[in-house]
Amino acid sequence: EALTSFYLARIRTIDPKINSIIEVNPDALTIARERDRERRNKKHKGPLHGIPVVIKDNIDTADKMKTTAGSLALMDAPVPKEDAFIVKKLREAGAVIIAKTNLSEWANFRDETSISGWSGRGGQTRNPYILDRNACGSSSGTGAAIAANLAAVGIGTETDGSILCPSSINGIVGLKPTVGLVSRSGIIPISATQDTAGPMCRSVADAAVLLNILKGTDSNDAATKTYNSWLEKDYRNSLRPDALRGARIGVARDYWGRNATVDKAMNAALEAIKKQGAELIDVKFPNLNKFGDAEFLVLKYEFKDGLEKYLRGRGGKHQTLSDLVKFNNDNAARELKYFGQSIMEASAKLGDLNTKEYLDALETCRRFSQKEGIDEKKKKNRLDAIVAPSNGPTWLI
C-alpha cells in the first residue's frame, strides 16, 4: 500500500507537466491492501506481488478503467467483457495495475501526418526530460511514465517502433518480443503479423522479469502456439556478466551516418560490446527500401480486418472503420483539430484478407525483411544478434 501510495502521489505531483497518464485506477489502493494481506498470510502470488504497473490504453481491462486507444469514440463503449490475456497474467503475478497511459491515438494509425503522443482523449504527452519535446509514440505515455518513475514497470505495444522509439527517446529499456511470444487477445489491434505487447522498464533485469510473466500460450491467439517450447525459459538466466563472451554481433552499418551525435554514442557502445568479448561483423541490408510500400499496404488491410473484429466484440455503437471516420468528422473540433484520418479513410475502402493485392504485399514483406533480410544475414554470418541505433534525438512537439 505504501509503494502504491508513493507512485500515486508522484502521478498527482509530476504528471500534470508530462501528461503520460490517461486514467488512474480508482481501485489501486484497495488492490494494494489486498496484496499486503496476502503477503502477511503467506499467499505470495508471484514475482510482481504488490508491484505497481502502468499499461497502455489500448489494452483491455474489465474493471473501472476505460479502454479507448485514446479515442473519444470509445469513451461510451461497454467495458471489455474480460481482461486482456496479458492483464490476466499480470494480475496472477500479483501486480497492482495503477493506471493506464496515454498514447498516439489508435496506436498512431489514423493519419500519415499525425503527432506522436497525442490523442483526442488524452491530449499531448511530453518528454519528461525536456517538456517541449516529443516522447515518441505510440507507447508515449508508458515511455514517459516509466522514465519519470510514475510506476515500477510498464507495458507498451508495438507494430512498427511503438515500444522501441519511446523507450529510446525517454532513456529506458524497451523490448518488442517476437510476434507470438506474448498474446495479443484483448489488445486493440493494427496488424496480426506485426502487433505485440512488451516490457518498458528502467533496467534490463526488470524487462527480463516482466517478459517471463507476459509470455504464454493463448487459445485466442493462434500465433502463440508457435512458442510453446519457450514457456519454461527463464529470461533472468541470461543476465550474466559474461553473456557476450564469444558472441557474434552484426553491426547494421546502413543506420550509421545519419546523425553525428548518435554515431558517436553507438561507436562507444560497440567498444563496450567488444570489451565484453564479442566479435563485431559489419552487415548491410540492400533490400531495406524495397518493402516499405508493401508493408504499409499490409498494415492497412490488417487494420480494417482486426479492428472491426475487435469493435464487434466490444459491442459498442461504432463497429466499423467507416463508423469511426464518421464519428471523427462529426467531432472534428476535438478529434481532427491537429491532423486528419487519411489512413483510416483508406483502410475503410479495402477488401478482406483473401485479396490478391494483400497476399502479394505480405509475401513481399516476408521476402525482403526476413528471407532475404535478417534471416539471410544471420545465417550467412553466423550471427547471434544485430545491433543498430533505435532513432535520432527527440524533436520539438
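Analyst: Contact means heavy atoms within 4.5 Å, while helices (H or I, at least four residues) and strands (E, at least two) are DSSP runs numbered from the N terminus. This is a predicted model: local features need pLDDT of at least 70, side-chain atom pairs count only at pLDDT 80 or more, and totals for chains, interfaces and linings use all residues. Residues are numbered from 1 along each chain as its sequence is written, and side-chain values use heavy atoms, with hydrogens and water left out.

User: Which residues in helix 13 does helix 9 meet?

Analyst: Helix 9 covers residues 292–314 and helix 13 covers residues 356–381. From helix 9 come Ala 294, Glu 295, Leu 297, Val 298, Tyr 301 and Glu 302. In helix 13 they meet Glu 357, Tyr 358, Ala 361, Leu 362, Thr 364 and Cys 365.

User: Are helix 9 and helix 13 parallel or oblique to each other?

Analyst: The two helices pack with their axes 8 Å apart, at an angle of about 130°. Axes are lines fitted to C-alpha atoms over the stretch in contact, and angles run from 0 to 180 degrees between N-to-C directions. Under 35 degrees counts as roughly parallel, over 145 as roughly antiparallel, 65 to 115 as roughly perpendicular, and the rest as oblique. Helix 9 and helix 13 are therefore oblique.

User: How many disulfides does a search of the whole structure find, and which residues does a disulfide join?

Analyst: A disulfide is a pair of cysteine sulfur atoms within 2.5 Å, and the search finds 1. Cys 136 lies in the loop between strand 5 and helix 5, and Cys 165 in helix 6, so the pair ties together parts 29 residues apart in sequence.

User: Is Cys 201 buried or exposed, and how far is its sulfur from the closest cysteine sulfur?

Analyst: Buried means under 20% relative accessible area, exposed over 50%, and partly exposed in between (1.4 Å probe, protein chains only). At 0%, Cys 201 counts as buried. The closest cysteine sulfur belongs to Cys 165 and is too far for a bond, at 17 Å.

User: Pro 26 is in a loop, so which residues does Pro 26 touch?

Analyst: That loop runs between strand 1 and helix 2, and Pro 26 is exposed, with a relative accessible area of 52%. Asp 63 is 37 residues away in sequence, yet its C-alpha is 9.5 Å from that of Pro 26. Leaving out residues up to four places away in sequence, Pro 26 touches Lys 64 and Met 65.
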